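Good morning, and thank you for coming.

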Amino acid sequence: MSDRRQRARVQGSWAPSRPKPATRPAGGAEGFVRSAAAPSAHSSSWGDGGQAFEFHPPAKPLRDVPAEKVIEQVNMRLATAPRVSPGQAYEEPRLTCWYGELPYTYSNSTLQPNTQWPAVLADLKAMVEQVSGSCFNSLLCNLYRDGKDSIAWHSDSELSLGPHPAIASLSLGDTRCFSMRKQPRPEESGDYTYVEKLKIPLSHGTLLLMEGATQEDWQHQVAKEYHDRGPRVNLTFRTVYPEPEPEPEPGRNLARGPRS
């Protein structure tokens, strides 16, 4: 036997190739389904065993996760057409202070009235009102000391802000990314995987105005960043109204008459 034939025999090239098993696509029972079939007259003596595979499309359509859009335009206005459970106390990952004639309650925390506006903040309020065309009576200040300070996903939807509030956000200091995500449709059952997402770098001097149904249709956050970031001050001007009185319980008369 020649060396060439001996090498070919050792390598197994004389043996017929075995059929490759069908791979199951992702999705569990959906995809390729094996079924019995009559053996073909043209099949080999030990061929595919008389099996065929039928493709069934998945019950739910495949969807692409939308890419996060980056908006780099400064001094922008966000508006859309109209369209708490008790928790434990915790330390906020930022510093805050409040200016206004009324208290402001959010996330089970109440900031007391503070009418002592510094002159520089009063001047900034007048400038923001002139540029935005809105009037404000309150200011929530946030100091992000570094990239580890943050605020989680939320909407400014407190009853004291009224329906469709206008909120003017002025950024001073280092640049931080302001992220937004659309509220999912009711049939999504609170799943934010496929919603539209935006990322807006807010640099020094940027004025962002959220109005209309923005708080109803979107959530926003300032996420932690794991690289060097300097301090950033965020001034959010808003209008606060007296919180509505709680409705009396049905069948309970709160009025008291003279005692007999």
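A nonpolar core is a set of buried Ala, Val, Leu, Ile, Met, Phe, Trp, Tyr and Cys residues joined through side-chain atoms within 4.5 Å; buried means under 20% relative accessible area, exposed over 50%, and partly exposed in between, with a 1.4 Å probe and protein chains only. This is a predicted model, in which local features need pLDDT of at least 70 and side-chain atom pairs count only at pLDDT 80 or more, while totals for chains, interfaces and linings use all residues. Residues are numbered from 1 along each chain as its sequence is written, and side-chain values use heavy atoms, with hydrogens and water left out.

Which residues have the most contacts inside the largest nonpolar core? They are Trp98, Tyr104, Phe178 and Met180, in a core of 19 residues. Two or more residues each come from S6, S8, strand S11 (176-182), strand S12 (197-202), strand S13 (207-212) and S14; strands here are DSSP runs (E, at least two residues), numbered from the N terminus. S12 gives the largest share, three residues. Another core, of 13 residues, lies apart from it and includes Tyr99, Val128, Ala168 and Leu170.

Let us return to Phe178. Beyond four places in sequence, its contacts (heavy atoms within 4.5 Å) include Leu198, Ile200, Leu208, Met210 and His220.

Next, the largest pocket. A pocket is an open set of points on a 1 Å grid over the protein atoms alone, where a 1.4 Å probe fits, with protein on both sides within 12 Å along at least five of seven lines; lining residues have an atom within 4 Å of a point. The largest pocket holds about 470 Å³ of space. Of its 30 lining residues, Arg94, Ile151, Ala152, His154 and Asp156 lie nearest the centre. Strand S9 (151-154) and strand S10 (167-173) are among the strands that each supply at least two lining residues.

Most residues other than glycine have a negative phi. His164, in the loop between S9 and S10, has a positive phi of about 50° and is partly exposed, at 39% relative accessibility. Ser189, in the loop between S11 and S12, has a phi near 55° and is exposed, at 67%.

Finally, confidence. The mean pLDDT, the predictor's confidence in each residue from 0 to 100, is 78 for the protein chain, and 67% of its residues reach 70 or more. Over residues 74-86 pLDDT stays under 50.

Key
Grid points are joined across faces, edges and corners, and a volume is the space filled by probe spheres set on the points. Helices (H or I, at least four residues) and strands (E, at least two) are DSSP runs, numbered from the N terminus.
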